[in-house]
Amino acid sequence: MDDRNQAMGLVHLLRAVTVELDRFGGEFAALHGLHPTDLRALIELLDADRAGTPCTPGLLGERLGLNSAGTTALVDRLERLGLIRRSRDTADRRRVLLGVDERAVELGWSFFGPVIGELVTAMEGFEPAELDTARRFLGAMSEAVARARRAADRPAPN
């Protein structure tokens, strides 16, 4: 198989994994009366927390590609459902920080825990060096998609 066909084979595998994970997330959202954007918001908040990044409504809206009104509606809806909480930043009381409520974490684990377990079990069949390569590969693919998305968002030249 030449390099181009090998690369396209990997692109198709990435797409297949993405589609399966998207379908899985869609099932979770539908089961719990959530919009797919609600699920994306929860994931963004969890990722921000894991990275130690305080998340404001503005940052969440930016990461989700929502305007201010859409972000406010999203945050209000998730707070009303008891899935997130707002708190004042202790360093700057004017700033509101968002966090995922423990209820949402438990709900997520009850649904996604089995697939995460399957993924971890599948990884056990790989050597640490192979996993390092996979990590680098997936990171590079994520960055490539983000670059392509940003380029597509730019206004066309006149």
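A residue is called buried under 20% relative accessible area, exposed over 50% and partly exposed in between (1.4 Å probe, protein chains only). The model is predicted: local features need pLDDT of at least 70, side-chain atom pairs count only at pLDDT 80 or more, and totals for chains, interfaces and linings use all residues. Residues are numbered from 1 along each chain as its sequence is written, and side-chain values use heavy atoms, with hydrogens and water left out.

A salt bridge is a side-chain nitrogen of Lys or Arg within 4 Å of a carboxyl oxygen of Asp or Glu. The count by this rule is 9. Among them are these pairs:

| Pair | N to O distance |
|---|---|
| Glu79 and Arg86 | 2.9 Å |
| Arg95 and Asp89 | 2.8 Å |
| Arg135 and Asp132 | 2.7 Å |

Glu79 is partly exposed at 34%, and Arg86 is partly exposed at 33%. Salt bridges link Asp76, Glu79 and Arg86 in a network. In the second pair, Asp89 is buried, with a relative accessibility of 9%, whereas Arg95 is partly exposed at 33%.

Arg135 and Asp132 are 3 residues apart in helix α6, so about one helical turn separates them. Arg135 is exposed at 55%; Asp132 is partly exposed at 42%. Helices here are DSSP runs (H or I, at least four residues), numbered from the N terminus.

A surface patch of positive charge brings together Arg40, Arg147, Arg149 and Arg150. Patch residues have over 30% relative accessible area and no salt bridge, with like charges joined within 9 Å and nonpolar side chains (Val, Leu, Ile, Met, Phe, Trp, Tyr) within 5 Å. Helix α6 (residues 128-153) gives the most to this patch, 3 residues. Arg40 belongs to helix α2 (residues 36-51) and is partly exposed at 40%.

Methods
Areas by Shrake-Rupley, 256 points an atom, 1.4 Å probe, with all protein chains shown as cover. Lys, Arg positive; Asp, Glu negative; His and termini not counted. Charge placed at Lys NZ, Arg CZ, Asp CG, Glu CD. Helix = DSSP H or I, 4+ residues; strand = E, 2+ residues; numbered from the N terminus.
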